[in-house]
Amino acid sequence: MRRLDTRIDIGSAAFAARRAAMLGRIDELRALEQRASEASARAAPLFERRGQLLPRERLARLLDPGSPWLELSTLAGYRLDDTDAQRSVPGAGVLSGIGFVSSTRCVVVVNDSGIDAGAIQSMGGEKILRAQQIALENRLPLVQSIESAGANLLRYRVEDFVHGGRLFHNLALLSAAGIPVIAIVHGSSTAGGAYLPGLSDYVVMVRGRARAFLAGPPLLQAATGEIATDEELGGAEMHAQVSGLADYLAEDDDDAIRIAREVVGRLGFASQAPPAHFEEPLHAADELAGVVPLDFREPFDMREVIARLVDGSRFLEFQPDYGSETVCGHAELHGHRIGIVTNNGPIDPAGANKATHFIQACCQSATALVYLQNTTGYIVGRTSEQAGMIKHGSKMIQAVSNASVPSITLHCGASFGAGNYGMCGRAFGPRFVFSWPNARTAVMGAEQAARTMRIVSESTARRRGEPVDEAKLDALSARIVEHFEAQDGVLHTSARLLDDGIVDPRDTRKLLCFLLDTCQQARTRALHPTSFGVARP
């Protein structure tokens, strides 16, 4: 397999400028993530008085020391909880990710009760749903660390209530599929939240702190006039001794985590060792920070990215002289066989046909697909339309939609128009989607949208015999550009869970290795499904 050479001059001013711009974006991301951590940590005195661990401390003690942890959706809800960029706290009040518990790869969801007592935000619910989907698709046990004040009634929306039922539906599906669900109840789990432990296969509750009830004392009194204490209604001891909701009664947070780790360790789901033999790329991953420009209009060769990701920088390109703007080929990454589909420009009919053929061939050989998105979309114009662009693009979308192998998508640059679809965007169900800090996603570029509306407005005015108001059209164009550019960047798209997170380009090889290990483990894991989920006594 041919090794990819590089034409990048890492000592050039252009490389230095690209690197500085990319590192600036990464610093901005890290600062936002740190803001969420600091907001939660401000609750430390309260947690200490109650004898509790902070949510991030619970997570750290749950995970195996020194093991990999892939946090997901760290920007969820950014500027949706508060439109002020300086006050908004990203993360949606939930920590989620994939990590190792007692040598077992698991999906972990933690209510960040250091922020607003763990009240569930709208995007927090969506974030948990995504974590559950990942657990189901990848056959991973789900561990929930629960302490939540429930829904934020001041921001109540009926659609959140209705769609929120999927949280419980998914737990039932996981259990029935033979994928264990473990709940550690550290504090309150009220109203609908009571079904989180109720639909779990194993439940650990902390004595004196855990609470689970459908109606807490205030609601009970308002609805029925009955007066009862927290412990009588839903305390840990009551559930361990009377209702049977709790399987294990822990003395404190540390003890609860110890019990949960022992439960996970006895599931028989311990992770297999990943492939041991592989070559590092010839070109340093650190150079990726300077390979790609922030401006999607500045061209670069995606082979330079591939050369810094795959084992030995070896890449067997498929049909290199046909539809050359679409790049397809075979490689290995940490020993995993992969098929790569990427772009050096718009997708033309030949490129769409090549990608379709390649995707189907990868399915035939059970080769995982990695899409590196960098396209302004399917090419337009008289020539391409007459060559069957719609027909050939549709074939590519058919292949992407029905691929039988795991697909992983990485937004490396532009992701515009139907190119987002044909390159396995979020709507097409890839196992995982991540973005680089420079990525942009939109139905079209901002200037293109503005020009389109200007042409339409000019044509309308002429058809009506009216003068063209250039100043008015200039103002319209400026508004359209501002409107599009406010939405196409990763801070906006990641806040809305249009990806699973933003990754430092220099960490991309490690990320893909972790994700491919996860997909491979799912492929080989045997489950023991039941007709229904495990019902509590």
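Helix axes here are lines fitted to C-alpha atoms over the stretch in contact, and angles run from 0 to 180 degrees between N-to-C directions. On that basis, α3 and helix α10 (residues 253-265) pack at an angle of about 35 degrees. Their axes lie 10 Å apart. The model is predicted.

**Helix pair α3 and α10**

- Two packed helices are described by the angle between their axes and the distance between the axes.
- The crossing of α3 past α10 is right-handed.
- From α3, the residues in the contact are Arg-58, Arg-61 and Leu-62.
- From α10, they are Asp-253, Asp-254, Ile-257 and Arg-261.
- By class, this contact between α3 and α10 holds five charged residues, two nonpolar ones and no polar ones.

- Leu-63 sits in the loop between α3 (55-62) and β1 (69-71).
- Is Leu-63 buried or exposed? Its relative accessibility is 9%, so Leu-63 counts as buried; the cut-off for buried is under 20%.
- Leaving out residues up to four places away in sequence, Leu-63 touches Trp-69, Gly-99, Phe-100, Val-101, Val-108 and Arg-261.
- Arg-261 also belongs to the α10 side of the helix contact.
- Leu-63 and Arg-19 are 44 residues apart in sequence. In space, their C-alpha atoms are 34 Å apart.

**Ser-96, in strand β2**

- Ser-96 lies in strand β2 (residues 94-101).
- Ser-96 has a relative accessible area of 1% and is buried.
- Leaving out residues up to four places away in sequence, Ser-96 contacts Trp-69, Leu-70, Glu-71 and Leu-72, among others.
- Its contacts also include Val-108, Val-109, Lys-127 and Ala-131.
- Trp-69 and Val-108 are touched by Ser-96 and also by Leu-63.

- Seven of the seven residues of strand β4 (residues 142-148) are buried, so the strand is largely enclosed by the rest of the structure.
- In a regular strand the side chains alternate between the two faces of the sheet.
- In β4, Leu-142, Gln-144, Ile-146 and Ser-148 point one way, and all are buried.
- Val-143, Ser-145 and Glu-147 point the other way from β4, and these are buried as well.
- Strand β3 (residues 104-111) pairs with β4 in the parallel sense, over four bridges.
- Within that pairing, Ser-145 in β4 is the bridge partner of Val-110.
- From β3 the chain crosses through helix α4 (residues 122-137) to β4, in a right-handed β-α-β crossover.
- β4 also runs parallel to strand β5 (residues 181-190), joined by six bridges.
- Here Val-143 stands opposite Ile-182 in β5.
- Helix α5 (residues 158-176) links β4 to β5, and this β-α-β crossover is right-handed.

- Eight of the eight residues of strand β12 (residues 368-375) are buried, so the strand is largely enclosed by the rest of the structure.
- Which residues of β12 are buried on each side? One side has Ala-368, Val-370, Leu-372 and Asn-374. The other has Leu-369, Tyr-371, Gln-373 and Thr-375.
- Strand β11 (residues 336-343) runs parallel to β12, and five bridges join the two.
- Gly-339 stands opposite Leu-369 in β12.
- A right-handed β-α-β unit is made by β11, helix α13 (residues 349-364) and β12.
- Strand β13 (residues 407-416) also pairs with β12 in the parallel sense, over six bridges.
- Ile-408 in β13 is the bridge partner of Val-370.

- Ala-117 is not a glycine, yet its phi is positive, near 55 degrees.
- Ala-117 is found in the loop between β3 and α4.
- Ala-117 counts as partly exposed because its relative accessibility is 42%.
- His-334 also has a positive phi, about 55 degrees, although it is not a glycine.
- His-334 is placed in the loop between β10 (326-333) and β11.
- His-334 counts as buried, with 17% relative accessibility.

How values were computed: Residues numbered from 1 in each chain as written. Predicted model: local features only at pLDDT ≥ 70, side-chain atom pairs only at ≥ 80, totals over all residues. Heavy atoms only, no water. Buried < 20%, exposed > 50% of the residue type's maximum accessible area, 1.4 Å probe, protein only. Pairing = 2+ DSSP bridges. Right-handed = clockwise from strand over helix to strand, strands pointing away. Contact = heavy atoms within 4.5 Å. Left-handed = near helix turned anticlockwise from the far one by under 90°. Nonpolar A, V, L, I, M, F, W, Y, C, P; charged D, E, K, R; others polar.
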